[in-house]
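Colleague: I am new to this model and would like to know what lies behind the terms used for it. Please show it to me before we start.

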Amino acid sequence: MNSPIPLPANVHLIDHPLVQHKLTLMRNKEASTNSFRRLLNELSSLMAYEVTRDMATQDVEIETPLETMTAKVIDGKKLVFVSILRAGNGILDGVLSVVPGARVGHIGLYRDPKTLEAVEYYFKMPKDMQERDVVVVDPMLATGNSASAAVTRLKQLKPKSIKFLCLLTCPEGLAAMHKAHPDVSIYTAAIDRELNDHGYILPGLGDAGDRIFGTQ
Ligand code: URA
């Protein structure tokens, strides 16, 4: 799973023990909808620390109770989390708990069950995207079709940067994303063994949307 094969420089495997622990609990098929959602929330906020590690800061002058100092702040409003519907919404609360000022965009793509290709049905972004850094969120980077289509569409708006944050991926998903968008950094908690014929990650955690929303 989290193989010793060297990763491309733009793939960031978040192997923090807390992240790995929570992911294991989520993979368990016995996890209830309630615990799956809570764990995803916690995991997303932990992963948000990694994905925002190189976020720009600016100096501001403040007064502590003792003296004036120059200190750093981020401009959270410049960051946009773009959720790939519907499972991406499961990541939003967690990342927004860490960067509450961030803006949120939504992109709706469904997988054509026959071709597994992504078809867009919804797209709503904040304005002035050229001034913003984007983090696309989706728990599963599987075939890479939705992720790649979402990034292609977002690039039309010319944001300053685009990163991709997921819980789980697999070699096929990474290869597809790398081929279509080698400039996009990917942040993931695990790289699983493979994709099955139905586009599911193995061993994986099942259908993330169904497990988040209790629809299976
Ligand atoms: N989407 C999911 O929800 N799970 C997978 O394993 C692959 C895609």
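**Core, ring and sheet**

Modeller: This is a predicted model. In its largest nonpolar core, which has 35 residues, Phe-81, Leu-165, Leu-167, Leu-168 and Leu-205 touch the most other members. At least two core residues come from each of helix H1 (17-27), helix H2 (33-51), strand E4 (79-85), helix H3 (89-98), strand E7 (133-137) and helix H6 (208-213). H2 gives the most, seven residues.

Colleague: What makes Leu-23 and Arg-211 contacts of Leu-205?

Modeller: Contact requires heavy atoms within 4.5 Å. Leaving aside neighbours within four places in sequence, Leu-205 is in contact with Leu-23, Met-26, Arg-27, Phe-36, Met-140, Leu-167, Leu-168 and Arg-211. A further core of 23 residues lies apart from the largest one, and Met-125, Ile-162, Ile-186 and Ile-191 are among its members.

Colleague: Why is Arg-153 said to lie over the face of Phe-123?

Modeller: The distance from the ring centre is 3.8 Å, and the cut-off for CZ of Arg is 6 Å, with a further limit of 35 degrees from the ring normal. Arg-153 is therefore counted as lying over the ring of Phe-123.

Colleague: How do you know that strand E5 (residues 103-111) pairs with E6?

Modeller: Pairing needs at least two bridges. Six join E5 to E6, so the two count as paired, and they run antiparallel. Ile-107 stands opposite Phe-123 in E6.

Colleague: What is the strand order of the open sheet?

Modeller: Its seven strands follow the order E1-E11-E9-E7-E4-E5-E6, with mixed pairing. Strand E1 (11-13) and strand E6 (118-124) are called edge strands because each pairs on one side only. From one strand to the next the twist averages 25°.

Notes
Residues are numbered from 1 along each chain as its sequence is written. This is a predicted model: local features need pLDDT of at least 70, side-chain atom pairs count only at pLDDT 80 or more; totals for chains, interfaces and linings use all residues. Side-chain values use heavy atoms; hydrogens and water are left out. A nonpolar core is a set of buried Ala, Val, Leu, Ile, Met, Phe, Trp, Tyr and Cys residues joined through side-chain atoms within 4.5 Å. Buried means under 20% relative accessible area, exposed over 50%, partly exposed in between (1.4 Å probe, protein chains only). Helices (H or I, at least four residues) and strands (E, at least two) are DSSP runs, numbered from the N terminus. Axes are lines fitted to C-alpha atoms, for helices over the stretch in contact, and angles run from 0 to 180 degrees between N-to-C directions.
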